[in-house]
Amino acid sequence: MEVYPGSMFSGKTTALIQRVEKLNYTDIPYKVFQPLINERDENVASRLGFEIEAIKVKDAEGFLSHITDKDLVVAFDEAHFPIPGLCSAVSGLLLLKKNIIIAGLDTDYRGEPFPQMDYFMRHADYVTKMNAVCAVCGGTARRTQRLIDGKPAPYDSPIILVGDKELYEPRCIHHHDVPGKPS
Ligand SMILES: [Zn+2]
């Protein structure tokens, strides 16, 4: 299993797509998945304009129902979104010798871990950490800053809030600001 964790705007979906696209030079059957709750697009769409078809799923049963004996590679984008049973479904696929590729946010807007991604990283053969560029200082950004009306969102906001550049920007740890975060 290969995992690409990182902040928003770190190129993790692009990394997943580039990894999967190489399979088109082979006859190896593969499938790409995305959580249904991500309404951003019909396909896995990276910001660089690469696109690849993805099946949207909302639970582990739906996910597993699309995977056949023939599929040798299974990719899952935005794998931080909570999907009931996804961790054990992926573990089961690993036992069946499927090759798994995962991309997703490692931490939420508060800088706290997304448990599913923690699980995948722990079971990965390779973890390629993806970083963005801090929107304030241009340094290495591994955090996602949520902004509401241009102001840092407080610690008690909802963990999942689907949005793009209007709501989020990459920040380094020095410029990441979460008012009300316990120290
Ligand atoms: Zn910075």
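Buried residues account for 36% of the 183 residues in the protein chain of this predicted model. The chain's secondary structure amounts to 4 helices and 13 strands.

**Overall shape and contacts**

- Among contacts in the protein chain with a separation of 6 or more, 74% are between residues 24 or more positions apart.

**Helix α1**

- Helix α1 covers residues 12-21, and its buried residues are Lys 12, Thr 13, Leu 16, Ile 17 and Val 20.
- These residues take up an arc of only 140 degrees around the axis, so they sit on the same side of α1.

**Helix α3 and its surroundings**

- Which residues of helix α3 (residues 86-95) are buried? They are Leu 86, Ala 89 and Val 90.
- Viewed down the axis of α3, the buried residues fall within an arc of 95 degrees, and therefore they line one face of the helix.
- Ser 88 and Leu 95 are exposed, and they are carried on the face of α3 turned away from its buried side.
- The cover over the buried residues of α3 includes two other helices, α2 (60-65) and α4 (115-122), together with the strand β7 (99-105).
- After α3 comes Lys 97, which has a positive phi, near 65 degrees.

**The sheet of β11, β12 and β13**

- Here 3 strands form an open sheet in the order β12-β11-β13, and their pairing is antiparallel.
- At the edges are β12 (151-152) and β13 (168-171), each of which pairs on one side only.
- Strand β11 (residues 143-148) runs antiparallel to β12, and 2 bridges join them.
- What is the bridge partner of Ile 148 in β12? Lys 151 is that partner.
- As background, strands of a sheet pair through backbone hydrogen bonds, either parallel or antiparallel.

**To take away**

- Both helices described here have their buried residues gathered on one side: within an arc of 95 degrees for α3, and across an arc of only 140 degrees for α1.

Conventions
Residues numbered from 1 in each chain as written. Predicted model: local features only at pLDDT ≥ 70, side-chain atom pairs only at ≥ 80, totals over all residues. Buried ≥ 20, exposed ≤ 12 C-beta atoms within 10 Å, placed from the backbone. Arc of directions from axis to C-beta. Contact = placed C-beta atoms within 7 Å. Pairing = 2+ DSSP bridges.
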